Amino acid sequence: MLDFVQQLVSGVALGCVYGLIALGFVLVYKATEVVNFAQGDLMMLGGFFAFTFIGMMGLNYWIGFAGAVAAMALFGMLAERVVVRPILGYPQFSIIMATIGLGYFLRSIAGMIWGTDDLKIETPFSQGVLRMGSLVLAYDKLSVIAATMILCTLLWLFFNKTMLGTAMRASSENMLAAYYMGIPVKRVVSVVWAISAAVATCAGVLLAPITFIHSNVGLVLGLKAFPAAVLGGFGSIPGAVVGGVLIGVIESMAGFYLPEGWKDVAPYVVLLTVLLLKPEGLFGLHVRKKV
Amino acid sequence: MRFLFKTDYEDDIKLFPHSGYVVSYGILLALLLIAPYVLSSYLMSQLVFVCIYAIVGVALLILTGFTGQASLGHAAFLAIGAYTAAYLQKYNVPFPVYFLAAGLLTGIIGAMVGFPALRLTGIYLVIATISFALIVEEILARWESVTNGNEGMRVKTLSLLGVAVPRDSPTFYYLCLAVLVLTIVGTLNLLRSPTGRAFVAIRDSETAARSMGVNVALYKVKSFAISAAITGFAGVLFAHKLSFISPEMFTLQLSIEFIIVILIGGTFSLHGAVLGAIFIVMIDPFLTYLKDDMPGIIAGIAATFGASPATAGNIQSNVAAFASLNGLKGAIYGIIIVLFVLFEPLGLYGRWLKIKLFFQLFPLYKRATFKRQKIYVKSERNR
């Protein structure tokens with residue numbers, strides 16, 4: 001029983017990371033109907049930025065964290081301006097390929113600049129555990145869970161309660177109509193990319209004590225975040241986090257109870273099953289096209 | 001400029017619209033046939049890879065280019081073909097039998113992937129095919145009794161009708177070339193048949209195709225099966241060419257490379273598969289060449305512009321250090337993909353058509369001829 005709870009908690013912590021990356025997917029998808037295959041790599045880059053600020057320049061953890069988030073938000077805008085904006089309105093497949101290309105590029109560049117070693121950031125939560133009875137919870141994992149919940153709530157409020165959030169939903173539905181209604185669509189898309197890069201950075205920095213940072217971390221985790229986003233329904237913010245947590249729990253349970261090898265495959269088996277039975281996901285909207 | 005007057009419905013679906021095609025493709029084929037006697041053994045080996053990649057490219061074009069179903073899982077089909085060959089070869093099954101068996105098995109698995117894919121479009125389909133490929137990769141690593149796990153499998157020399165065909169021999173090249181030509185001709189025939197037209201109709205508008213009486217589900221599964229089967233054939237050749245296969249050869253990276261093949265070549269014509277294959281296979285030797293020769297060339301240029309020998313030497317060593325950085329290849333790949341998507345969405349073959357049209361229409365060529373239309377009013381969620 002204790003094993004089960006321990007696995008459950010570490011699964012939830014892992015799942016929150018997937019959820020954070022999936023949040024990035026969902027944000028960009030909600031606002032532009034573009035799926036950003038480089039989301040994991042933005043996370044990786046955010047981690048490296050934070051490492052540069054905290055580990056190399058010796059800044060305070062929180063200042064370094066904020067600096068990395070700000071820098072990555074700018075970088076997200078830049079990436080949107082250079083790679084995505086020229087091809088908005090073209091078939092989705094072009095944009096997927098463009099972001100895959102961007103991902104390749106970021107991975108190699110990060111490998112060149114920061115090397116191929118695993119890097120580690122010293123965080124205030126690196127040491128120490130919370131003991132509840134015989135249950136042991138590491139602070140770094142708890143910090144991921146807490147941050148995910150806060151970010152998810154903030155983003156949900158942002159999308160549903162603010163003007164800018166409504167503008168984003170409108171421009172995803174129909175860019176041209178949104179433009180006619182006076183929404184500055186280009187700027188909206190830019191802001192969305194900034195936000196999603198910032199969320200990715202949060203994921204990267206929080207993850208740093210758990211998985212370390214290396215140039216391929218984004219690819220590995222990004223691929224795991226897809227099942228999370230699909231399970232939650234591409235386009236639902238709470239869905240992304242719930243999906244992420246489910247995938248994380250399934251993965252850690254499969255690693256513990258099922259034979260070796262299932263751990264890596266289980267998320268994708270779940271993904272295929274979901275796509276077969278309920279392609280719109282748990283929280284997704286299912287709308288039929290009217291002719 | 002040549003004007004083709006069509007006087008018959010048959011004119012629209014001719015394999016060779018005019019005699020120029022017969023001449024130019026005849027010359028190309030003749031050049032390819034004498035290639036082993038002219039080119040170095042390294043280039044011949046690259047040419048074999050071009051053939052294999054082009055076969056996969058054609059397969060992917062049927063699915064992605066003509067039926068509009070994106071797939072990032074073709075490395076898995078290639079792997080299934082390769083492993084079928086390696087496994088059956090252990091039991092002394094003759095080449096023609098396991099060649100066909102590999103195609104058949106991959107075709108069946110392709111159809112099985114096609115069924116769930118019926119309900120999926122766009123991004124969901126891409127993610128589903130990625131998951132399929134990752135699952136296959138894991139199965140290959142774990143099913144040790146058949147695939148020998150991560151240790152990989154050795155593939156014996158191909159023997160065709162009792163004659164051994166080493167992987168470096170001209171005969172093996174001719175075999176790959178023959179398979180490629182047969183695949184291309186077969187695909188051309190497929191595409192001018194009702195099946196092919198149904199594929200294109202589904203690509204352009206599923207709703208319209210359905211209302212014209214096309215059985216969308218049937219044709220999507222057919223497209224998946226055909227594409228997978230052709231990739232399976234390529235897998236057999238791939239296994240023989242490498243003579244050793246292991247699961248880590250068939251990663252997502254390879255699937256992306258196949259997509260790059262058709263993206264760079266052009267997704268609207270079979271020429272694209274071949275051009276893209278040439279590009280992706282030749283980029284490696286080209287990068288090696290740049291790495292070896294570029295520093296010297298740049299230093300030479302610097303020297304002619306009046307740099308002192310010391311500065312030139314400095315530049316040379318700096319450029320050399322940059323060129324041998326790890327991961328430069330990945331960065332170049334990334335840049336190439338982004339540039340093609342942004343500036344040459346029709347690929348290399350599209351560029352060739354543009355150049356051809358420019359000279360045909362000489363003073364009257366308009367850039368807008370090939371301009372794509374942007375659609376802002378779509379919402380893929382509401383499809």
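Mentor: Start with the division into domains. This is a predicted model. Chain B is split into domain 1, residues 37-280, and domain 2, residues 285-382.

Trainee: How far apart do the C-alpha centres of domain 1 and domain 2 of chain B lie?

Mentor: The two centres in chain B are 28 Å apart.

Trainee: How many residues of domain 1 of chain B are in contact with domain 2 of chain B?

Mentor: Contact here needs C-beta atoms within 7 Å. On that basis, 15 residues of domain 1 of chain B meet 9 residues of domain 2 of chain B.

Trainee: Which helices of chain B each supply at least two residues of the domain 1 side?

Mentor: Helix 11 (252-265) and helix 12 (270-304) of chain B do. Helix 12 of chain B gives the most, with 5 residues.

Trainee: And by class, what does that side of domain 1 of chain B have?

Mentor: There are 9 polar and 6 nonpolar residues on the domain 1 side in chain B, and no charged ones.

Trainee: Now the chains. How many residues does the contact take from chain B and from chain A?

Mentor: Chain A contributes 43 residues and chain B contributes 42. On the chain B side, helix 5 (122-142), helix 11 and helix 14 (328-343) each supply at least two residues. Helix 5 of chain B gives the most to this side, with 11 residues.

Trainee: What is the make-up by class of the side of chain B that touches chain A?

Mentor: That side of chain B has 26 nonpolar residues, with 8 polar and 8 charged. Helix 11 of chain B supplies at least two residues here, and at least two to the domain 1 side facing domain 2 of chain B.

Note on methods
Residues are numbered from 1 along each chain as its sequence is written. Chains are lettered from A and ligands numbered from 1 in the order in which they are written. This is a predicted model: local features need pLDDT of at least 70, side-chain atom pairs count only at pLDDT 80 or more; totals for chains, interfaces and linings use all residues. Domain bounds come from an automatic or database domain assignment. Two residues are in contact if their C-beta atoms, placed from the backbone, lie within 7 Å. Helices (H or I, at least four residues) and strands (E, at least two) are DSSP runs, numbered from the N terminus. Ala, Val, Leu, Ile, Met, Phe, Trp, Tyr, Cys and Pro count as nonpolar, Asp, Glu, Lys and Arg as charged, and the others, Gly among them, as polar.
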